[in-house]
Amino acid sequence: MEETQAPWAARDALRITRVRAIVTAPEGVPLVVVKVDTTEPGLYGLGCATFTQRFHAVAAAVDQHVAPMLAGRHPADIEDITRMVHYSSYWRGGPVLNSALSGVDQALWDIAGKRAGMPVYELLGGRVRAAADTYLHAGAATLEETIEHARALLASGYRNVRLQTGAPGLGHYGAPGSPGGYPNSPYPDGWDVQRYLRETPLLFERARQELGEEPGLMHDVHSRLTPKQAVGLARALEPYRLFFLEDPIAPELYDRLPEVRAAAPMPIAAGEQLSSVSDAARLITGGGVDLLRLHISAIGGLTPARKLTALCELTGVGTAWHSPADVSPIGAAANVALDVTSPAFQIQEGHIYTDPVHEVFPGTIHPSNGYLYPNNTPGWGIDLNETKAAEHPPLAHQHERWSARVRRPDGGIEAP
């Protein structure tokens with residue numbers, strides 16, 4: 001392809017030589033990592049490009065479209081390179097292209113840290129806190145099992161848990177159900193919104209009775225309610241003092257979030273499904289959110305995320321980055337770098353990676369007493385064992401098979 005070198009880039013001989021996507025699934029969840037090699041032997045960067053549901057598309061975007069643009073570029077030109085990649089597709093943005101961009105962006109930050117001999121968080125200005133307070137998910141088929149799961153997490157050192165419980169049929173988001181919950185309905189395994197609205201307050205009433213007043217309790221609606229239903233649920237949960245209520249309405253209805261937030265007695269967390277930096281900025285400035293819940297890969301990586309973090313700091317909005325099993329350990333490290341360097345930080349979603357993940361990604365951050373501490377080695381402090389990664393090939397269409405079954409008892413499709 002034609003030369004993409006910036007006019008000022010000839011300051012030294014260091015150049016990008018190769019860019020490629022690597023997909024691995026050590027926990028069964030497809031993770032996409034971008035590796036950027038340079039002319040300096042042993043100097044490379046790793047970035048998270050994980051869009052689990054469309055990993056083939058992201059890998060193709062990296063390998064076929066983005067990689068040829070970066071060969072010969074100086075890896076220090078992060079802002080110029082990421083702007084070039086962003087604008088180059090003409091129709092820009094979206095989770096596929098932004099995830100590809102994120103992989104490149106985070107890999108360049110990794111290289112920058114390694115060249116400086118500093119962890120990325122020091123490149124961002126250094127710590128304002130030692131570690132990121134974290135929450136994990138407690139979910140089970142029954143209310144009693146959910147409470148027991150939460151009790152075990154709290155006993156292991158966590159102070160915050162997200163509670164999701166199941167129901168007859170397919171179950172609720174984040175928790176299993178039991179088959180045939182609505183036998184007289186067109187779709188017996190359906191998800192019933194009215195039952196959900198009745199039973200969710202009972203879960204949190206029981207949680208406060210048995211877990212006490214100290215734990216931070218969260219709940220994820222996962223975008224399944226109308227604005228009026230969301231307000232009703234929020235008010236029903238008021239006595240139980242939630243840390244936050246997450247994604248009460250669908251992203252298509254975010255213009256209604258300010259009225260939901262104004263009527264809700266607890267903080268509202270939203271933004272997980274956004275893939276536009278400008279949409280995220282409007283969410284921050286528009287009065288509809290208390291905590292920003294972005295999936296950093298979906299918006300293009302660390303570079304746009306740190307700008308949105310600064311906007312949060314200026315407007316009083318907190319951060320609570322998305323980071324379940326479908327964020328790679330490198331993406332999780334990027335979250336923590338922002339957490340420990342910004343006054344806007346409120347809480348970090350966590351995931352306990354299994355041993356196979358640690359084998360594929362040496363240096364993966366592991367929570368300690370409910371806190372996530374950043375690595376102090378240069379860059380992200382995380383490597384990739386490509387031999388181990390190849391032992392865990394991804395399977396396609398897992399999410400599609402599940403989401404196609406998320407329906408109401410009348411058979412109508414529901415948000416997954």
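Predicted model: local features only at pLDDT ≥ 70, side-chain atom pairs only at ≥ 80, totals over all residues.
1. Residues are numbered from 1 along each chain as its sequence is written, and side-chain values use heavy atoms, with hydrogens and water left out.

2. Leu163 is also among the residues with the most contacts inside the largest nonpolar core, together with Val19, Leu70, Leu245, Phe361 and Trp380. That core has 111 residues. A nonpolar core is a set of buried Ala, Val, Leu, Ile, Met, Phe, Trp, Tyr and Cys residues joined through side-chain atoms within 4.5 Å. Buried means under 20% relative accessible area, exposed over 50%, and partly exposed in between, with a 1.4 Å probe and protein chains only. Helix α1 gives the largest share of this core, nine residues. Another core, of seven residues, lies apart from it and includes Tyr135, Ala269, Ala320 and Ile347.

3. The strands β1, β2 and β3 form an open sheet in that order, with antiparallel pairing. Because β1 and β3 (44-48) stand at the edges with a single partner strand each, one side of each has no neighbour in the sheet. Neighbouring strands are turned by 20° against each other on average, direction ignored. Helices (H or I, at least four residues) and strands (E, at least two) are DSSP runs numbered from the N terminus, and two strands pair if DSSP finds at least two bridges between them.

4. Strand β1 (residues 16-24) is joined to β2 (residues 31-38) by eight bridges. One of the pairs is arginine 18 with aspartate 37 of β2. Six residues lie between the strands of this hairpin, where glycine 28 takes a positive phi near 90°. Five bridges pair β2 with β3, and lysine 35 has leucine 46 in β3 as its bridge partner.

5. Two helices lie across the sheet strands. Helix α1 (residues 55-70) lies across β1 and β2 and runs at about 175° to β1. Helix α11 (residues 329-341) lies across β2 and β3, at about 85° to β3. Axes are lines fitted to C-alpha atoms, for helices over the stretch in contact, and angles run from 0 to 180 degrees between N-to-C directions.

6. In helix α7 (residues 227-236), the buried residues include Pro227, Gln229, Ala230, Val231, Leu233 and Ala234. The buried residues of α7 pack against α6 (193-211), β7 (244-246) and α8 (257-263).

7. Where does serine 178 sit? Serine 178 is in the loop between β5 (160-165) and α6. Its relative accessible area is 36%, so serine 178 counts as partly exposed. Leaving aside neighbours within four places in sequence, serine 178 is in contact with Ala167, Pro168 and Gly169. The C-alpha atoms of serine 178 and alanine 141 are separated by 7.4 Å, with the two residues 37 residues apart along the chain.

How values were computed:
Contact = heavy atoms within 4.5 Å.
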